[in-house]
Every structure is written in structure tokens, then in C-alpha cells.
Amino acid sequence: MLFLIRDRFSSILPYKTLHLSETLEDIDKNGDGHVDEDEYIADMFSHEEGGPEPDWVRTERDQFSDFRDLNKDGKMDVAEIRHWILPQDYDHAMAEARHLVYESDQDKDTMLTKEEILENWNMFVGSQATNYGEDLTKNHDEL
């Protein structure tokens, strides 16, 4: 079941380039085609004039300089943004499939029955893996 969910989710993931360009458009406030440290922080935290930054913001600044700005030029280019939001070593489809099975598999046999899916319908209608529930209305041999 896990692989069936994963395969279905993989086929409906949004186009990665679209996600990348939307992220850049949302965060790049000065329009230079890059995300600098202040733009990166501003996406998560609205700084009040004269107020101190919380510790977690300092941690995020360190994350930016240590892990986001790979070429150490003070800003993220498209390749660095891609590495940040679409890491190669993370399988989004598998993570979503595991989450759905973990939350819905009541008898913990790693297989989902029709009853388990129906009892946890809210997990599935809120998931991209089922096309937000639309796929649950179709007949499936595996169910």
C-alpha cells in the first residue's frame, strides 16, 4: 500500500520549476533574482524597530550562512534555492505515503484496509497523495 500511495503522489507533485519560481517570486522582495539573508529572514519573521531578535532568528541566520548560501556570496541563487526547497536526499512522496500509513494503519500491519481508510478519511481528503480526496471516489483494484 505504501508504494501505491507513493507512486500516486509522485505523479501529482507540482512541477518543481513552478514551485521554485513561485518561491523566488514570493521571497525576493528587491527583484534581483536572488534571496539575501534579510529576505530569507523576513519570510519568517517581521522585525519590530528597536526590538531584539529572538534566539531562533539568530539560529536561522546561522542556517542561512552555513547551509543555504552554499557559495558564500551573501545570497541564494536559483541553484541554492532549489537545494533548499527541493533537496535531492528527501523523497516527498515517500514521506507523505509513510505519514498516511502511519496515521491510518490502526492494527499496525503496514497495510491499509478499506475500513482503515474510511475511518481516517480526513487524512486522505487533506492529502495531495489522493488528489485531495478525488481519487477516493474512483474504483481501485488495490482497495
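Which residue forms a salt bridge with Glu53? Here are some friendly notes on the charged side chains.

1. This is a predicted model, where local features need pLDDT of at least 70 and side-chain atom pairs count only at pLDDT 80 or more, while totals for chains, interfaces and linings use all residues. Residues are numbered from 1 along each chain as its sequence is written, and side-chain values use heavy atoms, leaving out hydrogens and water.

2. Glu53 pairs with Arg61, with the closest N and O atoms 2.7 Å apart. A salt bridge here is a side-chain nitrogen of Lys or Arg within 4 Å of a carboxyl oxygen of Asp or Glu. By this rule the count is four.

3. Arg61 also forms a salt bridge with Asp38, at 3.4 Å between the closest N and O atoms. Asp38 lies in helix α3 and Arg61 in helix α4 (residues 55-68), so the pair ties together parts 23 residues apart in sequence. Helices are DSSP runs (H or I, at least four residues), numbered from the N terminus.

4. Arg61 is buried at 12% relative accessible area, whereas Asp38 is exposed at 52%. Buried means under 20% relative accessible area, exposed over 50%, and partly exposed in between (1.4 Å probe, protein chains only). Glu37, Asp38, Glu53 and Arg61 are linked in a network of salt bridges.

5. Asp62 and Arg58 form a salt bridge too, their closest N and O atoms being 3.1 Å apart. The two are four residues apart in helix α4, so about one helical turn separates them. Asp62 is partly exposed at 34%, and so is Arg58 at 43%.
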